[in-house]
Amino acid sequence: MAAPAIIRGVVNADGTIASGTGFTVGPTPAGHFVIAFSSAFPAAPVVIATGGKGATDHTFTNYDSLAATGVDVYVKNSLGALDSTAPLAFVAMAV
Amino acid sequence: MPRSRRIGLQRGREIAPRHPAQTSGGGQHGRGTGKGQGATHGQGKGAGRGAGTAAVSAFAAITAKAAAGIVNQPNSLAILRGVINTDGTVASGTGFTVGPAPAGHFVISFAPAFAAAPVVIAIGGKGSTNRTYVNYDALAATGVDVYLYTHDGILDPNTPLAFVAVGGTLPGDLPIIRGVINTDGTVASGTGFTVGPAPAGHFVISFASAFAAAPVVVATGGKGSTNRALVNYDALATTGVDVYLHTSSGPLDPNTPLAFVAVGAG
């Protein structure tokens, strides 16, 4: 399978994929989305993300474990706790 | 590029001439179907490609979609993306430089410059705090300043940055709409969408030409009166999306502009 140039998706709060292809998501994210790319990028891509509207209006996102094969994206509330109610939109782009 | 070289350049929200159709306050038109998560899910799965991505009548479709602001033909690559380490070294990406010792304030210079100020979206990495806030300022064709703040409102020197600057088309064959919206709802840059009037932190974005399936929308707030605006989206549909900017204490933030990118299915 050819290396992707871009992968984008929307992931529901429960980890099911609302839209997008070319990736899988670990079960029961509860605010911690473990995203695995189905076909690895040539190198770690750039990943940007935005949380959807969950139970709280003020969620923020960050990422970790960025690699050619996947990334962890976190959605947290203003108290710093993982937000299990917000969906996630992300774009991963090859560099 | 030193900040002094950018002084005097127009910022993004002042550069692009506003298309009359973009400021008509279209608001929620065409949004009757597709509000709420359930609708989002249904639209996001397997709806197939839009007309412009099909091979049939390719030229006419591309022309029509380009006129509507959806650019999907494979074309010159007017996009930069990168990951920047906390010390300002570039972890990945090319076509830009970063000022030294950012300490949470990343002065990014594009090389070469875009034709006009691009849309810049960004996200902080996982640093010593789990609550970094991203915003941008001094958006220009030649560069942008991106800030990472802690929850306490001070610059965060311990968090890397990932960003994408979109000035034209995406690689491949993906439909995309991108834009920068001023706090008063006027369109600073971008085409193919309208914004409801007087957003006051709640931006009702309607796509001029619907996507074939609900796109992925990512967004970043600009630098407003607070450094800690939080972004989220709702009512994601083929025809539009609502994007919210909240202050860290919860209320809508009426003083922060918005940059967004909507990427459809390839």
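Domain bounds, as used here, come from an automatic or database domain assignment. For chain B that assignment gives domain 1 (3–10 + 75–166) and domain 2 (12–72 + 173–263). This is a predicted model, in which local features need pLDDT of at least 70, side-chain atom pairs count only at pLDDT 80 or more, and totals for chains, interfaces and linings use all residues. Residues are numbered from 1 along each chain as its sequence is written, while chains are lettered from A and ligands numbered from 1 in the order in which they are written.

**Stop 1: confidence in chain A**

The average for chain A is 88, and 98% of the residues score at least 70. Strand β3 (residues 23–25) of chain A has the highest confidence, at 97, and strand β6 (residues 59–67) of chain A the lowest, at a mean of 87. Helices (H or I, at least four residues) and strands (E, at least two) are DSSP runs, numbered from the N terminus.

**Stop 2**

Select chain B, which has 4 helices and 16 strands. Of its 266 residues, 54% are buried; buried means 20 or more other C-beta atoms within 10 Å of the residue's own, exposed means 12 or fewer, and partly exposed is in between, with C-beta atoms placed from the backbone.

Now colour the domains of chain B, domain 1 (3–10 + 75–166) and domain 2 (12–72 + 173–263), separately. Their contact takes 19 residues from domain 1 and 22 residues from domain 2. Two residues are in contact if their C-beta atoms, placed from the backbone, lie within 7 Å. On the side of domain 1 that touches domain 2, β5 (119–125), β6 (133–140) and β7 (143–149) of chain B each give two or more residues. β6(B) gives the most to that side, with 7 residues.

**Stop 3: the nonpolar core**

Which residues have the most contacts inside the largest nonpolar core? They are A:I48, B:I121, B:A122 and B:V218, in a core of 103 residues. This core draws at least three residues from each of domain 1 and domain 2 of chain B. A nonpolar core is a set of buried Ala, Val, Leu, Ile, Met, Phe, Trp, Tyr and Cys residues joined through C-beta atoms within 7 Å.

Centre on B:I121. Leaving aside neighbours within four places in sequence, B:I121 is in contact with residues including A:I48, B:F163, B:V218 and B:V261.

**Stop 4: where the chains meet**

Show both chains: 42 residues of chain B are in contact with 36 residues of chain A. Elements that each supply at least two residues to the chain B side include α3 (36–44), β13 (216–221) and β14 (230–234) of chain B.

Zoom in on strand β5 (residues 46–52) of chain A, which runs parallel to β14(B) and is joined to it by 2 bridges. Two strands pair if DSSP finds at least two bridges between them. B:Y233 in β14(B) is the bridge partner of A:G52.

**Stop 5: backbone details**

Find the loop between β4 (105–110) and β5 of chain B, which holds B:P112. A cis peptide bond joins B:A111 and B:P112, with omega about 5°.

Next, select A:T28, in the loop between β3 and β4 (32–37) of chain A. Its phi is near 45°, a positive value in a residue other than glycine. A:T28 is exposed, with 10 other C-beta atoms within 10 Å.

How values were computed. pLDDT = per-residue confidence, 0-100.
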